[in-house]
Structure formats: C-alpha cells, structure tokens
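Hi,

Here is the structure I promised to hand over. My notes on what turned up follow below it.

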Amino acid sequence: MTEMVRRFLRQKLTSVGIWIALCLLTLLAAIPLNSNQGLGPAATLAILILAAGSVSRDIGSGALQMILSRPLTRLEYLFGRYVGILLAYSIFLVATTGVAFVLGRLAIRLATEYSGPVFSLSAAAHAVLEAFSAGALLAAIVLFFSTFLRGWGDVLALIIGSVLLVSTQPLGFALNEPGIARAGQIATQNLYPKLPWDSLLQGRQILSEASGRYVLALCVYLTIAAVVFTRREFSYGQD
C-alpha cells in the first residue's frame with residue numbers, strides 16, 4: 001500500500017497544472033481562513049482535483065494491469081490511492097494554514113493601525129478538521145465513481161448527484177409536495193452527512209446520530225468501491 005501512496009503522490013504532484021491549481025487554491029482558501037471565516041469552496045475544489053481520476057486514469061492508460069501484475073492485491077491498490085488522496089489533501093490544508101498565518105502577520109506589520117480580525121489558531125484548526133472530514137467523504141465518493149467511470153466522469157457524477165439532491169428540497173416546496181422535500185432532506189443527511197465538530201471538540205455527541213451517519217456513509221462508499229473494483233474485468237488502453 002505504501003508504494004501505491006507514493007505512486008499517487010508522484011502522479012499528482014509532478015503535474016505542473018495541478019501544482020499551479022493547488023497553489024492558487026491555497027491562496028484563495030488562506031484569505032478567508034486568515035479572517036477566521038473557514039476555508040471556503042477552494043478547499044472543496046482542491047479535494048476534487050486531487051481525487052479526480054484516481055483509479056480511472058490507470059485503468060484507461062493500461063497501467064493498472066502492469067501494477068496488478070506485481071504481488072499486490074486490488075484492495076491494497078485501491079486503498080493506497082485513497083490514503084494518497086488524504087495525505088495530499090492534508091499537505092494542502094497544512095500549507096493553507098501556514099499561508100493564512102503569514103498573511104495575518106504581514107497585515108499586522110504593514111498596517112499602521114490594524115483593526116481587522118486576528119488569525120486564530122483554534123479557529124483554523126476547527127476549520128481544517130471540518131474540511132478534512134468533508135474531504136475524506138468526498139474522496140470516498142469520487143473513488144467509488146472512479147472504479148467504473150472514465151476520466152473526470154467521477155467528479156462529474158459527484159457534481160450532478162449533488163445538484164440533484166440540493167434541488168430536490170426547493171422543488172418539493174415549489175410543487176407543494178412536502179414528501180419530495182422530506183425525501184431530499186433525508187437523502188442529503190445520509191448520502192452527504194457532516195460531522196458536528198462544534199460538539200465533538202467539546203466532548204459531546206461523539207456517539208450521536210450525526211456521527212454515526214458520517215461513519216456509516218464513509219464505510220459504505222469505500223466498501224462498495226472495493227466490491228466494484230475487485231469484481232471488475234479490465235482491458236488494456238480503454239481510452
């Protein structure tokens with residue numbers, strides 16, 4: 001699995017385009033983080049860039065067959081990719097926190113009378129934990145789609161699914177069908193659950209329903225991805 005993590009990092013972090021995108025997203029995420037407003041959508045874009053084509057790229061190029069000819073199981077390959085995504089995303093979050101801290105110090109030094117928000121390490125840690133947990137779930141979903149969709153189809157499937165779920169509730173209210181709105185709400189809570197970090201950091205709701213939904217959803221996505229990937233037949237050079 002360690003070798004698969006290294007291979008993933010080499011694939012992603014040796015691309016000039018990905019480096020440029022991640023550096024830009026680091027700056028865009030650091031600006032609101034410096035103001036204690038969280039990481040914003042830039043963090044979501046970063047995890048999507050890192051997770052996109054995580055498996056389908058090797059499938060399409062025919063490299064997967066060469067990789068699996070080694071003494072390596074499909075599960076080791078699959079979860080090595082997932083760990084690689086999370087490791088790369090962790091580096092992004094740490095770098096963003098460092099840039100936010102530097103921006104905060106520069107603002108204080110350059111301004112004669114600085115009255116803006118002061119960078120808070122505790123608020124940044126809260127934002128990073130929240131972003132990492134959300135990113136871990138998104139990465140699992142994209143990994144699942146990447147086991148059977150080509151190219152950027154995994155990210156596209158995630159976006160389409162998210163849009164459909166988000167639009168279900170207002171559509172139900174617009175049609176005066178509370179059942180549709182309720183179904184959309186339940187689906188969102190179970191398919192895209194969030195960890196209640198405000199309570200968790202205070203030692204509360206550790207075994208709450210929200211925490212259980214998150215852990216269950218993460219395990220289900222990874223399990224289904226493993227089942228699909230281990231049962232699929234591959235041919236060389238599909239793209």
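Helices (H or I, at least four residues) and strands (E, at least two) are DSSP runs, numbered from the N terminus. The C-alpha trace spans about 65 × 50 × 35 Å along its principal axes.

The model is predicted: local features need pLDDT of at least 70, side-chain atom pairs count only at pLDDT 80 or more, and totals for chains, interfaces and linings use all residues. Residues are numbered from 1 along each chain as its sequence is written, and side-chain values use heavy atoms, with hydrogens and water left out.

**Helix packing**

Helix 3 and helix 6 (residues 74–110) pack at about 145 degrees, axes 10 Å apart. Axes are lines fitted to C-alpha atoms over the stretch in contact, and angles run from 0 to 180 degrees between N-to-C directions. Helix 3 gives Ala42, Ala43, Ala46, Ile47, Leu50 and Ala51 to the contact; helix 6 gives Ile85, Ala88, Tyr89 and Phe92. Contact means heavy atoms within 4.5 Å. The residues of this contact divide into 10 nonpolar, no polar and no charged. Nonpolar means Ala, Val, Leu, Ile, Met, Phe, Trp, Tyr, Cys and Pro; charged means Asp, Glu, Lys and Arg; the others, Gly among them, are polar.

The largest pocket has a volume of about 570 Å³. Of its 24 lining residues, Thr44, Ala134, Gly135, Leu138 and Lys194 are the closest to the centre. A pocket here is an open set of points on a 1 Å grid over the protein atoms alone, where a 1.4 Å probe fits, with protein on both sides within 12 Å along at least five of seven lines; lining residues have an atom within 4 Å of a point. Volume is the space filled by probe spheres set on the points, which are joined across faces, edges and corners. Helix 7 provides the largest share of the lining, eight residues. By class, the lining has 17 nonpolar, five polar and two charged residues.

Best wishes
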